[in-house]
Amino acid sequence: MKNGILNELITVMKERVPKGQNLASNLADILCMGKEAVYRRLRGEVSFSIEEVAIISHKLGISIDQVVGDHHSNKVTFDLNLHHSSNAIDSYYEILNRYLQIFDFVKEDNSTEIYTASNLLPFTLYSSFENLSKFRLSRWIYQHGQIKTPHSLEDMRVEKKIVQAHKKLSESVKQCPKTFFIWDTSIFYSFVNEIKYFASLHMITPNDVENLKEELYQLLTYIETLSSKGEFSEGRKVYFYLSNINFEATYSYIEKLNYQISLLRIYSINSMDSQSPHICQMQRDWILSLKRHSTLISESGEAQRIIFLTKYKKV
């Protein structure tokens, strides 16, 4: 491995290793090899194999683009986070864990900022709601067609590990220091239309529809409380913006000291992501441009907030 690339790799690895921990010890655990073998690689006497770099990249959340230097060209690598399991439920759990890993990595850092420009209701806000999260899971099952979709959410049994992951995701997001939501003006419509569609197919019952409606009311009340206070909890700020223009996808950008990642929503609930500095800068700039065309309704903007909440309570 060329010295420049090796030095870059070592620098980035040191940034990812928890404070006070030894890099060589961490790599020995990650690569399942002896410390001396790790030290030979760190000194450049033996090159890291492609497989070893891939494992390190995955475990420590390192962008290979950043290490190799592809960000200087027009080519970057996106991780599609394709699920490895053939089972729809296991794939869903893998995706949840991916999001959890990201939020758990950044939530305790005071420099962390989360930006999401969304044309769909962010799952992180309703993951703790029983029926809304069941509905999301049932749509995933239906789209994959591998498991018989339940005809009633009340009869649907969700594995304990998934319920726990839903709750952990909700809590992790609330612990991030600053979160910015920029919402398309039609953000609730698509969710309501999907409920109507699945009800017309008799895949959810009239009672399910009432339960979903009740939880959507609760979600609106929760959003009203958050936007009035402007924070999840003390020191955990949240900002809501209503866009004056429509946008075609959901974009997210997360940053903290020495770390940044951009996510683009794909395949219903999944996201492809990149840690390329160039892509992250573009993503951040794009989201901020949407923010400039939006109205802040948290803490200030009370009149616009009332109009927004009243409109969607009717919907």
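**Figure 1. Salt bridges in the predicted model.** The model is predicted, and the count of its salt bridges comes to 14. Views of individual pairs follow, including Glu 52 with Arg 41, Glu 45 with Arg 43, and Lys 161 with Glu 159.

**Figure 2. Close-up of the salt bridge between Glu 52 and Arg 41.** The two side chains meet with an N to O distance of 3.1 Å. This pair links distant parts of the chain, with Arg 41 in helix 3 (residues 35-42) and Glu 52 in helix 4 (residues 50-60), 11 residues apart. Both Glu 52 and Arg 41 are buried.

**Figure 3. Close-up of the salt bridge between Lys 161 and Glu 159.** The closest N and O atoms of Lys 161 and Glu 159 are 4.0 Å apart. Lys 161 counts as partly exposed because its relative accessibility, 30%, falls between the limits of 20% and 50%. Glu 159, with a relative accessible area of 39%, is partly exposed as well.

**Figure 4. Network of Glu 36, Arg 43 and Glu 45.** Salt bridges that share partners join Glu 36, Arg 43 and Glu 45 into one network. Within this group, Glu 45 forms a salt bridge with Arg 43, and their closest N and O atoms are 2.9 Å apart. Glu 45 has a relative accessible area of 54% and is therefore exposed, the limit being over 50%. Arg 43, at 48%, is partly exposed.

Figure 5. Ser 262 is placed in strand 6, which covers residues 259-266. Its relative accessibility is 2%; Ser 262 counts as buried because this value is under 20%.

Notes: Residues are numbered from 1 along each chain as its sequence is written. This is a predicted model: local features need pLDDT of at least 70, side-chain atom pairs count only at pLDDT 80 or more; totals for chains, interfaces and linings use all residues. Side-chain values use heavy atoms; hydrogens and water are left out. Helices (H or I, at least four residues) and strands (E, at least two) are DSSP runs, numbered from the N terminus. Buried means under 20% relative accessible area, exposed over 50%, partly exposed in between (1.4 Å probe, protein chains only).
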